[in-house]
Protein chains: 4
Amino acid sequence: MTVSVGILGATGAVGQRFIQLLDGHPTFEIDALTASESSAGKPYREAAKWRANTPIPRDVAEIEVGKTHPDAVGDDIDLLFSSLPSGVASEVEPKFLEAGYVVSSNSSNDRMAEDVPLTIPEINPDHLDLIEVQRDNRGWDGALIKNPNCSTITMVPTLAALDEGFGIERADVTTLQAVSGAGYSGVTSMEIIDNAIPHIGGEENKMETESRKLLGEFDGAELSMHDAEVNASCNRIPTLDGHLESVFVDLADDPSPAAAREALESFPGIDLPSAPDQLIHVFGDDQPDRPQPRLDRNRDNGMAISAGGVSETPSGLKYNCLAHNTLRGAAGASLLNGELLVEEGWI
Amino acid sequence: MTVSVGILGATGAVGQRFIQLLDGHPTFEIDALTASESSAGKPYREAAKWRANTPIPRDVAEIEVGKTHPDAVGDDIDLLFSSLPSGVASEVEPKFLEAGYVVSSNSSNDRMAEDVPLTIPEINPDHLDLIEVQRDNRGWDGALIKNPNCSTITMVPTLAALDEGFGIERADVTTLQAVSGAGYSGVTSMEIIDNAIPHIGGEENKMETESRKLLGEFDGAELSMHDAEVNASCNRIPTLDGHLESVFVDLADDPSPAAAREALESFPGIDLPSAPDQLIHVFGDDQPDRPQPRLDRNRDNGMAISAGGVSETPSGLKYNCLAHNTLRGAAGASLLNGELLVEEGWI
Amino acid sequence: MTVSVGILGATGAVGQRFIQLLDGHPTFEIDALTASESSAGKPYREAAKWRANTPIPRDVAEIEVGKTHPDAVGDDIDLLFSSLPSGVASEVEPKFLEAGYVVSSNSSNDRMAEDVPLTIPEINPDHLDLIEVQRDNRGWDGALIKNPNCSTITMVPTLAALDEGFGIERADVTTLQAVSGAGYSGVTSMEIIDNAIPHIGGEENKMETESRKLLGEFDGAELSMHDAEVNASCNRIPTLDGHLESVFVDLADDPSPAAAREALESFPGIDLPSAPDQLIHVFGDDQPDRPQPRLDRNRDNGMAISAGGVSETPSGLKYNCLAHNTLRGAAGASLLNGELLVEEGWI
Amino acid sequence: MTVSVGILGATGAVGQRFIQLLDGHPTFEIDALTASESSAGKPYREAAKWRANTPIPRDVAEIEVGKTHPDAVGDDIDLLFSSLPSGVASEVEPKFLEAGYVVSSNSSNDRMAEDVPLTIPEINPDHLDLIEVQRDNRGWDGALIKNPNCSTITMVPTLAALDEGFGIERADVTTLQAVSGAGYSGVTSMEIIDNAIPHIGGEENKMETESRKLLGEFDGAELSMHDAEVNASCNRIPTLDGHLESVFVDLADDPSPAAAREALESFPGIDLPSAPDQLIHVFGDDQPDRPQPRLDRNRDNGMAISAGGVSETPSGLKYNCLAHNTLRGAAGASLLNGELLVEEGWI
């Protein structure tokens with residue numbers, strides 16, 4: 001079985017990551033690429049300022065880029081990935097949905113909408129059924145699924161694993177985020193060399209709300225947010241890729257660090273082509289200086305979560321977690337959601 | 001009035017900072033420098049591998065370095081600064097104390113001893129009277145005073161300011177620490193370029209315990225630790241100088257961010273030669289991306305604390321703080337304690 | 001005597017440096033600031049996104065920014081500094097010259113024009129008399145003087161010093177340039193962290209031609225280029241400020257390294273308010289790892305040139321040189337030219 | 001056919017690279033590992049502080065590390081790789097040679113000895129016959145072959161390609177070298193963040209002499225150095241891996257840049273398991289900002305040379321070149337020499 005996919009916003013940084021990740025994919029085949037009007041009509045190799053250190057896959061290089069509009073995308077496309085700037089996405093994505101397309105989107109608009117599934121396949125695959133609610137509400141035949149923000153994705157698997165066994169009541173998280181999270185030109189070298197920036201616009205709110213939606217319960221009709229308190233402080237540091245996060249959690253039960261490590265390590269993965277066998281890898285007390293962004297971000301093709309430094313506090317636990325922000329945290333997240341849509345029969 | 005001072009461990013990184021800071025000091029005059037045996041007998045300019053980007057003060061360059069032993073230091077020295085490795089300091093400092101010297105030490109040994117004042121002059125100058133207890137206990141004529149760890153110093157002034165008005169119940173702090181905190185050769189470039197390290201040996205424990213001692217109460221006989229819960233997660237990032245810290249605090253009262261900013265800004269400074277007029281500078285909502293290490297570490301000759309990003313959480317507040325780790329956080333901290341000893345009449 | 005000065009393009013990175021450098025200047029007083037139309041009419045503190053780590057000088061903060069047009073600048077301005085983008089400068093500077101203003105410009109347009117003095121005050125102050133030729137040619141009352149590119153300024157003082165005694169025949173120079181040379185947003189962090197870029201658009205040609213003009217002879221009527229061969233290879237590295245350059249020179253005479261060091265060290269400075277007493281500082285064989293950008297860029301307020309590693313090759317000499325690229329290499333260069341114009345009576 | 005190999009100094013940075021490179025090698029099998037006395041007797045996984053981001057190959061992890069002495073290495077070892085510090089190597093390597101071993105060494109001692117082949121397989125495989133001279137001179141049955149320094153290896157393939165067609169008369173080279181070239185702890189973060197260092201001890205002399213030996217002619221009895229003038233200036237920059245070098249060459253003939261690019265691109269590779277098909281990849285005028293260390297160092301598993309920026313100068317050409325310093329420039333260089341020894345029948 002071959003799934004015909006298209007990429008909306010294919011020339012941007014995340015768009016390029018989609019193309020890298022889809023190269024050699026067992027079932028997905030790129031058949032459409034869209035970008036802004038100035039790129040439309042050009043072959044992809046001309047339209048994109050390609051920045052990866054692997055060449056553009058040969059067949060993709062020659063695809064003619066279309067406008068980001070349903071008219072420019074063939075009817076035979078089964079699935080669209082979107083990595084448009086959120087301002088553009090909030091205008092354009094609805095047009096594709098009204099035209100009946102299934103869209104797996106990394107853009108931040110509508111993530112918190114009540115009828116839009118915000119999904120990490122290993123965490124809340126059942127939220128996908130929100131699509132029925134969405135279709136009822138919106139009156140379209142398409143389906144919109146979102147993945148969370150990169151900083152959220154890094155932490156939520158660890159919260160989910162601890163919540164299951166011990167009940168998360170509160171999480172105070174501080175992030176050390178890589179510059180690639182801001183896009184290719186988002187952070188200038190004058191800003192970040194020999195420095196750190198204690199602010200990423202909108203990021204803290206995303207972590208605080210998206211986490212509770214991801215961990216929330218869907219009863220078939222309505223989604224209720226998890227009632228844990230989540231407080232985030234987000235920082236940019238001079239690292240290229242990989243978000244490192246320090247988490248303090250209050251738990252209903254008080255597990256030993258060993259029990260917490262076991263809960264993290266044994267949290268089940270999912271059987272999808274791009275998913276790692278084991279979702280969370282935990283470094284023990286013998287490696288207290290791990291995970292580190294440069295050493296651990298590429299584990300399992302950048303799709304695994306790493307954790308470490310698990311230890312007790314008077315109120316619960318503290319630990320670190322890490323993921324590759326543009327792989328597991330962005331393009332890989334949408335791709336995995338696309339694979340889940342296929343697996344669950346929505347495509 | 002001139003105070004004759006000596007520096008124990010004068011060739012190391014913090015020792016060099018002492019010499020820089022004492023250059024042009026209104027009352028302190030360097031009259032003795034000590035180092036390891038291999039340096040003893042050499043003029044300072046030969047003994048030290050000088051790494052600052054200002055030259056060695058001319059008169060200091062010619063001082064003959066002595067061994068780190070009371071016999072090698074003149075009787076006329078009023079005050080000793082110590083920045084020895086803690087292993088060495090725990091053996092050597094007692095010898096100086098038994099010989100009757102007053103020692104203001106940055107070394108980490110004995111900071112948590114019940115009869116050793118751990119002091120930041122603006123925060124707990126009254127703890128100095130522990131010296132009486134210390135003399136009783138130890139039977140020496142000298143006096144030992146310690147300053148806290150650099151990461152502790154960065155945060156505690158902000159906790160003290162909030163505690164006074166609103167009552168600190170808990171603090172979860174995550175640090176983003178500069179490489180200079182580990183000494184000149186402490187962090188290799190292979191470890192830290194394009195990376196971050198979620199572990200600094202012993203640092204979290206120091207922050208968790210020293211903070212509570214600094215904020216504790218001394219009744220003239222005994223020091224009781226503050227009963228707040230303090231949880232720390234310490235990280236090294238690729239920044240040269242300046243520790244940035246994210247703090248989540250639970251408070252007995254619930255101040256507005258504006259009230260909290262006011263409490264921080266108006267926290268009184270102290271009238272000592274090296275102290276800033278205003279201890280804590282707070283960036284408001286119009287500058288959410290401050291403080292930053294490179295832009296703010298040198299405020300008031302590196303002796304001021306900066307804060308920003310003050311905002312509400314369900315349990316209290318979150319904010320960032322920053323200080324220069326080798327100035328306010330190390331050599332400058334001991335120097336300020338030395339000035340306090342003079343001011344309070346201990347010298 | 002007070003000289004009334006204005007800054008064209010006052011909100012940009014170099015414009016901000018002008019304002020920093022002019023703060024406290026003994027004779028120059030800022031009386032006019034211009035910027036693009038969108039900034040016109042606003043006080044400077046609102047118009048500029050101020051990025052220095054010192055605050056805007058109080059009186060400058062309130063100056064109303066005007067349009068970059070002669071009509072918006074008072075007649076009483078004696079001297080204008082220009083740091084406009086070269087595309088804008090090539091259109092706008094002539095209007096000011098026709099209106100009779102004296103302009104000391106850092107912009108790269110017209111640097112190689114036959115009747116425009118390209119000047120480093122210590123190197124070729126006599127070229128200033130090209131202004132007479134310029135006025136004849138152009139029919140204006142104003143005067144335009146240019147300073148060279150930052151990478152050129154770093155090297156040319158060393159070439160001039162060696163040329164005088166030993167005759168430069170060829171120089172092969174490779175630069176390691178700081179990111180600030182490209183402006184605040186010129187180099188993204190994704191481009192330069194853990195990397196280097198062997199290309200800076202137009203830079204090699206600037207070094208190759210500007211150097212020969214600076215070292216050329218002016219006979220009162222015509223300027224002839226120095227006939228040395230100059231070959232440049234320009235690279236960007238992950239350093240904030242300070243260009244480091246490796247130079248191989250072929251010389252007519254073959255001086256010993258000691259003689260070459262002596263020629264560099266003794267090259268005369270100039271008596272201007274912002275000029276260093278000694279132009280070139282040379283590190284000897286005992287400090288083979290100097291000059292280094294971070295340690296040496298701020299020497300003499302960033303206005304001195306440093307050199308080191310002087311040694312023999314079969315064809316001549318090799319050595320390194322370094323200067324602060326936005327101080328001595330840009331704003332400070334124009335300022336110094338302005339001071340020269342006053343000293344020489346052109347203002 | 002299986003070749004049984006051992007690694008002298010297997011726990012160091014280059015030793016670890018050998019182990020990584022040999023994992024999955026078609027013919028070489030690791031059967032012996034040596035290290036200092038303190039490691040002897042331990043399994044490799046305990047003896048080495050493993051720093052790569054891939055795990056220790058399983059079978060290697062359990063090998064018992066021996067002392068670096070012939071007695072501790074089995075007679076059945078066909079080939080030894082050496083990456084010992086040169087001080088140690090100069091004492092120890094002769095013992096292995098006298099015991100009859102064939103040693104492919106990355107250590108810098110004896111590289112310039114008249115009877116020791118200094119070899120890059122694609123450049124001067126015929127120099128291998130110096131082994132006969134060596135055996136005559138030294139009276140041993142073993143064979144010692146050296147590879148050049150990492151900075152030399154990056155440049156010499158480009159010089160060889162140009163020399164063949166156009167005759168190299170002089171090369172002025174400036175390097176921008178990565179920190180990994182100094183070993184894991186060789187460059188501290190305090191030295192190199194926001195900085196560059198214009199000195200690497202002994203490096204310039206290595207480039208100047210090794211290059212001329214590599215390009216020299218061996219007439220079966222004696223090796224004569226190439227008579228080109230080679231001048232090197234070596235700099236360390238804040239980059240993890242990959243040396244970038246700017247080269248100015250004077251040539252007997254004056255090729256166009258296009259002809260020079262063609263000569264570089266078409267320079268023949270060699271048919272060895274770890275050799276790239278094409279030795280030198282050249283970026284054209286459409287990519288003037290390449291090669292870059294981070295983007296190009298891993299080409300062909302880090303074994304290819306990249307070049308770019310080829311353009312004319314009055315005296316010849318200038319261009320940049322780049323290679324991975326610990327792969328093609330160190331462990332990979334020795335490995336390739338080992339493969340050549342097998343291919344040529346010396347093993």
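Colleague: What lies over the face of Tyr184(C)?

Modeller: First, this is a predicted model: local features need pLDDT of at least 70, side-chain atom pairs count only at pLDDT 80 or more, and totals for chains, interfaces and linings use all residues. Residues are numbered from 1 along each chain as its sequence is written, chains are lettered from A and ligands numbered from 1 in the order in which they are written, and side-chain values use heavy atoms, leaving out hydrogens and water. A charge sits over a ring if NZ of Lys or CZ of Arg is within 6 Å of the ring centre and within 35 degrees of the ring normal. At 3.5 Å from the ring centre, the residue over Tyr184(C) is Arg51(C).

Colleague: And in chain A, how far is Arg51(A) from the ring centre of Tyr184(A)?

Modeller: Arg51(A) lies over the face of Tyr184(A). The distance to the ring centre is 3.5 Å.

Colleague: How many aromatic pairs are there over all chains?

Modeller: Rings of Phe, Tyr and Trp (its six-membered ring) pair if their centres lie within 6.5 Å; planes under 30 degrees apart count as stacked, over 60 as edge-to-face and the rest as tilted. By that rule, the count over all chains is 16.

Colleague: Take Phe18(D) and Phe81(D): how far apart in sequence are the parts that this pair ties together?

Modeller: These two rings are stacked, at 5.2 Å centre to centre with 25° between the planes. Helices (H or I, at least four residues) and strands (E, at least two) are DSSP runs, numbered from the N terminus. Phe18(D) lies in helix H1 (residues 13–22) of chain D and Phe81(D) in strand E4 (residues 79–82) of chain D, so the parts tied together are 63 residues apart.

Colleague: Which strands stand at the edges of the open six-stranded sheet in chain C?

Modeller: Two strands pair if DSSP finds at least two bridges between them. The order is E10-E7-E11-E14-E13-E12 (chain C), with mixed pairing. Each edge strand has a single partner, so one side of each is left without a neighbour in the sheet: they are E10 (229–236) and E12 (280–282) of chain C.

Colleague: What residue in E10(C) stands opposite Thr174(C)?

Modeller: Strand E7 (residues 168–177) of chain C runs parallel to E10(C), and eight bridges join them. Opposite Thr174(C) you'll find Ser233(C).

Colleague: Is Glu210(D) buried or exposed?

Modeller: Glu210(D) is found in helix H8 of chain D. Leaving aside neighbours within four places in sequence, Glu210(D) is in contact (heavy atoms within 4.5 Å) with residues including Arg111(D), Leu118(D) and Thr152(D). Buried means under 20% relative accessible area, exposed over 50%, and partly exposed in between (1.4 Å probe, protein chains only). At a relative accessible area of 2%, Glu210(D) is buried.

Colleague: How many of the 12 residues of H8(A) are buried?

Modeller: Among the buried residues of H8(A) are Glu203(A), Thr209(A) and Lys213(A). The cover there includes strand E14 (316–323) of chain B. H8(A) is mostly covered, and the buried count is nine.
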